[in-house]
Structures are given as C-alpha cells and as structure tokens.
Amino acid sequence: MRAAALTFLLLVAPAWATEPAEADYMLNCQGCHLPEGQGFPDRQVPDLRHQMARFLNVPGGREFLVQVPGSAQTALNDADLARLLNWMLLRFSAAQMPADFQPYTAAEVGPLRKQPLARVSEVRSELLERIARQEQLEVSTVQTP
Ligand code: HEC
C-alpha cells in the first residue's frame, strides 16, 4: 500500500513542480488574491484576471503595480518581486499586455517600492478612470472610418 502511494507520488510529482515565481505567489499573495487571481472583489481585493496588465497602458500604472502595498511591502527581495510581477502579468492578464512590454527588473522595483502610495484607493480609482478613457478612445479611433 505504501509502496503504491509512493509510486503514485513519484509519477505525479512533475505536475506539482512549480516555478519559483509561482511558489512566491502561493506563499505571499495567494491568501488574498487566490490561486487564479480572482481575489475577493466584495472585500476590496481586486480581480487581477484580464485586468492587471491594463494598468501598464496608462501613465502611473506601471509604477502603481509595484507601489501597491501588497507588492511594495512583501518580504521578497527586489529581484524576486520583479520576477513575481512579470509572472503574474503573464499568468493573469497576458492578453492585455502591451506589445512593447519591458519586464520589471530589480533596479526598477527597488526604488519604486520605497515610495509608498499615500492614498492607495484614490490612486487606483484615478488609474481605472484613465484606463476607461483610454479604452474608449481606442474604440472610437478604430470605429472612425
Ligand atoms: C492582505 C491581503 C493581500 C495580500 C497578502 C496581497 N495583496 Fe495585493 N492587493 C490587495 C488589495 C486589498 C489590493 C487593492 C489595492 C489596495 O487597497 O491595496 C491589492 C492590489 C494589488 C495589485 C494591484 C491590482 C489592482 O487592481 O489594484 C497588485 C499588483 C498586487 N496587489 C500585488 C500583490 C503581490 C505581488 C502580493 C504578494 C507579494 C500581494 N499583492 C499580496 C490585498 C493583498
């Protein structure tokens, strides 16, 4: 019985093998953001799916993703935080990523995370408005003959 269980574990182990960024997400972020990034929108934890990378398309948004307390205040070092954000963007919001996306680096996130946001929810709402305006603009540009 135990031998069979062990064989089973060995067989399925590769499927469990996680990338380092994924392990960092599971340990540090998933408690609030949940495995699929769906969060708890009713309790102020936003849904990251099809949304996270939209911030990259407006001024201030790229910085916001680093300065938001969940990112800035994590115990992860700068290199691991940069790797984690790059992984999250691809995992939860690949379709919204700009074509010219430059991955975050330790050198970028290090200084940014030291400048915390004073009013997170206000900054977030402003960015969401910018995103909505920008997307409207893109739609109307496309529709103009
Ligand atoms: C205690 C719960 C909690 C944990 C843990 C947490 N977050 Fe968050 N996260 C939030 C909340 C709440 C927001 C909405 C903005 C705010 O109020 O801080 C958010 C927003 C974000 C955003 C911006 C997305 C948006 O739509 O506003 C990013 C990026 C983010 N978190 C990254 C992370 C990362 C990376 C980790 C792990 C290292 C993490 N978070 C851990 C609660 C959490």
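I looked up the axes of α2 (residues 20-28) and α6 (78-93): they come within 9 Å and cross at roughly 95°. Axes are lines fitted to C-alpha atoms, for helices over the stretch in contact, and angles run from 0 to 180 degrees between N-to-C directions. So α2 is roughly perpendicular to α6, a term for angles of 65 to 115 degrees. Helices here are DSSP runs (H or I, at least four residues), numbered from the N terminus.

This is a predicted model, in which local features need pLDDT of at least 70, side-chain atom pairs count only at pLDDT 80 or more, and totals for chains, interfaces and linings use all residues. Residues are numbered from 1 along each chain as its sequence is written.

Next I listed the contacts (C-beta atoms, placed from the backbone, within 7 Å). Ala21, Glu22, Asp24 and Tyr25 of α2 meet Asp80, Arg83, Leu84, Trp87 and Met88 of α6. By class I noted 5 nonpolar, no polar and 4 charged residues. Nonpolar means Ala, Val, Leu, Ile, Met, Phe, Trp, Tyr, Cys and Pro; charged means Asp, Glu, Lys and Arg; the others, Gly among them, are polar.

Which residues of α2 are buried? I found Ala21, Asp24 and Tyr25; buried means 20 or more other C-beta atoms within 10 Å of the residue's own, exposed 12 or fewer, with C-beta atoms placed from the backbone. Seen down the axis of α2, the buried residues fall within an arc of 100° (taken from the directions from the helix axis to the C-beta atoms), so they line one face of the helix. The face turned away carries the exposed Pro20, Ala23, Met26 and Leu27.

Technical notes: Helix = DSSP H or I, 4+ residues; strand = E, 2+ residues; numbered from the N terminus. Contact = placed C-beta atoms within 7 Å. Parallel < 35°, antiparallel > 145°, perpendicular 65-115°, else oblique.
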